[in-house]
Amino acid sequence: MTKPPEKIPQPPRWATFLLRKYTNPELAEEIEGDLAEAFQDVAAQKSVSSAKLSYVVNVLRFICPFSSEHPREHYPKASVIDMLTSYLKLSSRYLFKHKAFTLMNIMGLAVGLAACMAIFFYVRFELNYDTFHQHADRIFRVSAQINSGESEDQIAPTANGVAITLKEQYPEVEEAARFIPTMAIIKTAVGEVFSEGYFFKADPEVFKIFSYPMLAGNPEEALKNPHSVVLTKAMANKYFANIDYQQLLGKSLTINSQPYQVTGVVKNLPENSDLLFDALLSWQFNSADNEQWMDFGSYTYLLLHDQESSKTLAQKLSAFDKEFDDRIVKEWGISYLTVHHYLHPLTSLHYNNTLMGDTEHKGNRSYIYIFSCIAVFILMIACINYINFAVAQASGRAVEAGVRKTAGARQKQLWLQYMSESFIVTGVALLTAIVLVQLAGKHFTHLTGPGISSDSFFQSENLVLLE
């Protein structure tokens, strides 16, 4: 009878699993073979139990990171910085090798991004009209509609007596102020004569309603006294060059043949403001003067206690309109003329171009929507153009990828390589776009405000766009 062959002993499976999982993949197969051979030798010379124990000990020594005989530093793991540096070097070499494709990619993206940035600055400039005021959401302007029986005219100015009456009679109004445009003839101390068109007579309450930063002077006292004038920084530099703004207070300036005392200097107004001025002149209103109720010459602004007060006040204006009409009939005997008053939020005045006698620099919301769509369309074209260039290079990259895989490259490594190339191209395109916008910014300052400075790209809302 034939004796059955003896069963060949095998090392513990769990130890072999640990060896395969935690040993350097490039050396795992060789180490496993050596340990299996050593296992068989020990099993033949001593016993299977001794062989298994020796095998387990050897496995632990190979996978243990603090083993003295087989230290892990033989197989150091590359740091993240080293890996990124390597990918960037390889990407830079590839992009430099294919200069034509790289240049077309960068310029296509740069021009598209530059156009989008320019449109973004225009849209942001338009949407931020008068938002720099601290209480912009509570400021409203009063307009009037005059019905004469034959025509209806909607005008921006109101009668001079409207502001003080609304403040006195309606609790919703916290403050009221008026601006009256006036032509100003300025005569300097040396006899020079200038004509200024952006001078306004104004109430002292102007600085309680609007946030005009003062460089010199007290905003609460600046326009209280007769013949006081508050200049902007530009006007102060024009008529009092090389004089400190604090020392400028109390200086005299001849306006319309009358001496005015400088009582304040404010910062230059942002260009995205519905009401731009170069100087404010103090103006005293006499409520007993009935002529003021037929003189529709002032822009009336109200500061309400809260936004909800605008709805309540709008409903009460009908009673005020009746009082206004009765005053016209009583004082002048005019019964065919009626006047209705309306409230307009300050931040919406820039888009209201239907009122006669309104301020300048009106805008159109339709342009904002149109330009926004154009920006998206341009960005899509730039992205499609970039993808087309990438597809055109796909056949050559496929051969390259195959060679690199044969050499041992993994899919993740290839992905990181291609992504690093994209980051380099888009990063250079972004920097180029910023330079283009900076260079071209001075040519469309009338659309985007007083130029585009390098600091504007690092503002929080602009960083979101760049991301």
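**A guided reading of the predicted chain**

Of the chain's 467 residues, 40% count as buried, where buried means under 20% relative accessible area, exposed over 50% and partly exposed in between (1.4 Å probe, protein chains only). The model is a predicted one, in which local features need pLDDT of at least 70 and side-chain atom pairs count only at pLDDT 80 or more, while totals for chains, interfaces and linings use all residues. Residues are numbered from 1 along each chain as its sequence is written, and side-chain values use heavy atoms, with hydrogens and water left out.

The secondary structure comprises 15 helices and twelve strands; these are DSSP runs numbered from the N terminus, helices being H or I with at least four residues and strands E with at least two. Among contacts (heavy atoms within 4.5 Å) between residues at least 6 apart in sequence, 74% join residues at least 24 apart.

The interior may be considered next. In soluble globular proteins, nonpolar side chains tend to be buried together. A nonpolar core is here a set of buried Ala, Val, Leu, Ile, Met, Phe, Trp, Tyr and Cys residues joined through side-chain atoms within 4.5 Å. The largest such core has 26 residues, of which Phe179, Val206, Phe207, Phe210, Tyr212, Leu280 and Tyr301 touch the most other members. Two or more residues are given to this core by each of strand E4 (173-187), strand E5 (193-202), helix H7 (206-209) and strand E11 (296-304). Apart from it lies another core, of 24 residues, among them Phe140, Leu313, Val339 and Leu343. Not counting residues up to four places away in sequence, phenylalanine 207 touches Tyr212, Met214, Pro219, Ala222, Leu223, Val230, Val266 and Leu280.

Histidine 133 is situated in the loop between H5 and strand E1 (139-147). This histidine 133 is buried, with a relative accessible area of 4%. Its contacts, leaving aside neighbours within four places in sequence, are Ile139, Phe210, Ser211, Tyr212 and Leu346. A polar atom of the histidine 133 side chain lies 3.0 Å from the backbone nitrogen of serine 211.

The chain exposes about 26,900 Å², of which carbon and sulfur atoms supply 58%; accessible areas come from the Shrake-Rupley method with a 1.4 Å probe, and for residues only the protein chains shown count as cover. Methionine 107 belongs to helix H5 and is partly exposed, with a relative accessible area of 35%.

Notes. Polar contact = N/O pair within 3.5 Å; in protein donor to acceptor, adjacent residues only side chain to side chain.
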